[in-house]
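Subject: Structure for you to look at

Hello,

Here is the structure I promised you. Please open it beside this email and follow along.

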Amino acid sequence: MELVPVRCRIPELLVRRHKMESATSQIKINQQWLADKIGVSKQQMSDYINLRTGIMSIQRAALIAYHLDCQIDDLFEWEWR
């Protein structure tokens, strides 16, 4: 058995972050914003979100979690297969 991601929660975490920021900032919190923050292309971010690529590094997951104000475990739903 192995633990595999079955759903990415980054889009809903982006919405949550946008709602937190919208009262105080005009910055648009979206996939492009997050891709720019962690230094990847929008296509790479899309690949992560749509589970089209292998598991990202722990360093990249930590950066994403930092910018989304969540824990690394919150980025995906996991399942044993």
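At what angle do helix 2 and helix 4 pack, and how far apart are their axes? Before the answer, two notes on the source. This is a predicted model, where local features need pLDDT of at least 70, side-chain atom pairs count only at pLDDT 80 or more, and totals for chains, interfaces and linings use all residues. Residues are numbered from 1 along each chain as its sequence is written, and side-chain values use heavy atoms, with hydrogens and water left out.

**The helix pair**

Helix 2 covers residues 31-38 and helix 4 covers residues 58-68. Their packing angle is about 125°, and their axes are 10 Å apart. Helices here are DSSP runs (H or I, at least four residues), numbered from the N terminus. Axes are lines fitted to C-alpha atoms over the stretch in contact, and angles run from 0 to 180 degrees between N-to-C directions. Helix 2 and helix 4 are therefore oblique to each other. Angles under 35 degrees count as roughly parallel, over 145 as roughly antiparallel, 65 to 115 as roughly perpendicular, and the rest as oblique.

Which residues make the contact? Helix 2 brings W33, L34, K37 and I38. Helix 4 brings R60, L63, I64, H67 and L68. Contact means heavy atoms within 4.5 Å. These residues divide into 6 nonpolar, 1 polar and 2 charged. (Ala, Val, Leu, Ile, Met, Phe, Trp, Tyr, Cys and Pro count as nonpolar; Asp, Glu, Lys and Arg as charged; the others, Gly among them, as polar.)

H67 sits in helix 4. Is H67 buried or exposed? H67 is buried, at 14% relative accessibility. Buried means under 20% relative accessible area, exposed over 50%, and partly exposed in between (1.4 Å probe, protein chains only). Leaving out residues up to four places away in sequence, H67 touches R17, W33, L34, K37 and I38. The C-alpha atoms of H67 and L34 are 7.4 Å apart, though 33 residues separate them along the chain.

R17 belongs to helix 1 (residues 10-22). R17 is buried too, with a relative accessible area of 15%. Beyond its neighbours within four places in sequence, R17 contacts I29, W33, H67 and L68.

**The aromatic pair**

The count comes to 1 aromatic pair. The rings of F76 and W78 have centres 5.7 Å apart and planes at 70°, so the pair is edge-to-face. Rings of Phe, Tyr and Trp (its six-membered ring) pair if their centres lie within 6.5 Å; planes under 30 degrees apart count as stacked, over 60 as edge-to-face, and the rest as tilted. F76 is buried at 11% relative accessibility. W78 is partly exposed at 38%.

Best wishes

Note on methods. Helices (H or I, at least four residues) and strands (E, at least two) are DSSP runs, numbered from the N terminus.
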